[in-house]
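User: I would like to go through this structure term by term, setting each label against its cut-off. Could you take my questions one at a time?

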Amino acid sequence: MVLKQVADLITVARGILLLFLPWLAITQGSQSLPWAAVLLTADWTGDVLDGTIAQNEAQRDSLWQIRESISWVQRESVKNDISVPVSAV
């Protein structure tokens, strides 16, 4: 529950980052690079916390079904999902 709230907060912060990072670069120049790195790392952490991991085979199959059914939105020539099962790596 707490991780979900943290991930949601970080997701909201993305909109703020969209405006803040260019302002930081303009006003601080190259001195803003460490801050930009910290802010982007925090942003990417939200993706990790907000991810879904299957707890069993049924959930895994369900998640793969969802991923595969999304392709109806895209034309087959545009499909860009490159995820593969770990066993295929």
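Analyst: Happy to. This is a predicted model, in which local features need pLDDT of at least 70 and side-chain atom pairs count only at pLDDT 80 or more, while totals for chains, interfaces and linings use all residues. Residues are numbered from 1 along each chain as its sequence is written, and side-chain values use heavy atoms, with hydrogens and water left out.

User: What is the mean pLDDT of the protein, and where is confidence lowest and highest?

Analyst: pLDDT is the predictor's confidence in each residue, from 0 to 100. The mean for the protein is 76, and 81% of its residues reach 70 or more. Confidence is lowest in H2, at a mean of 76, and highest in helix H3 (residues 57-69), at 86. Where pLDDT is low, the predicted coordinates should not be read in detail.

User: What makes the pattern of this protein α-α-α?

Analyst: Helices (H or I, at least four residues) and strands (E, at least two) are DSSP runs, numbered from the N terminus. The protein has three helices and zero strands, and reading along the sequence gives α-α-α.

User: Why is Ser32 called buried?

Analyst: Buried means under 20% relative accessible area, exposed over 50%, and partly exposed in between (1.4 Å probe, protein chains only). Ser32 has 6% relative accessibility, so Ser32 counts as buried. Ser32 sits in the loop between helix H1 (2-28) and helix H2 (33-49). Of the 89 residues of the protein, 10% count as buried.

User: How do you know that Ser32 is in contact with Leu24 and Ala25, and what lies 2.7 Å from its side chain?

Analyst: Contact means heavy atoms within 4.5 Å. Leaving aside neighbours within four places in sequence, Ser32 meets that cut-off with Leu24 and Ala25. A polar atom of the Ser32 side chain lies 2.7 Å from the backbone oxygen of Gly29.

User: Which residues is Ala36 in contact with, again leaving aside neighbours within four places in sequence?

Analyst: Ala36, which lies in helix H2, is in contact with Leu21 and Leu24. Ala36 and Leu17 are 19 residues apart in sequence, and their C-alpha atoms are 9.3 Å apart in space. For the protein, residues 24 or more positions apart account for 38% of the contacts with a separation of 6 or more.

User: What makes Ile16, Phe20 and Trp23 a nonpolar patch?

Analyst: Patches are made of residues with over 30% relative accessible area and no salt bridge; like charges are joined within 9 Å, and nonpolar side chains (Val, Leu, Ile, Met, Phe, Trp, Tyr) within 5 Å. Phe20, in helix H1, has a relative accessible area of 32%, so Phe20 is partly exposed. Together, Ile16, Phe20 and Trp23 have about 320 Å² of accessible area (Shrake-Rupley method, 1.4 Å probe; for residues, only the protein chains shown count as cover). The accessible surface of the protein comes to about 7,500 Å², with 67% belonging to carbon and sulfur atoms.

User: Why is the pairing of Glu57 with Arg60 called a salt bridge?

Analyst: A salt bridge is a side-chain nitrogen of Lys or Arg within 4 Å of a carboxyl oxygen of Asp or Glu. The closest N and O atoms of Glu57 and Arg60 are 3.2 Å apart, so the pair meets the cut-off of 4 Å. Glu57 and Arg60 both lie in helix H3, three residues apart, about one turn of the helix.

User: What makes Glu57, Arg60 and Asp61 a network?

Analyst: The structure holds two salt bridges. Asp61 and Arg60 meet in a salt bridge at 2.9 Å, N to O, and Glu57, Arg60 and Asp61 are linked in a network.

User: How exposed are Glu57, Arg60 and Asp61?

Analyst: Glu57 has a relative accessible area of 52%, so Glu57 is exposed. Arg60, at 38%, counts as partly exposed, and Asp61, at 42%, counts as partly exposed too.

Note on methods. Polar contact = N/O pair within 3.5 Å; in protein donor to acceptor, adjacent residues only side chain to side chain.
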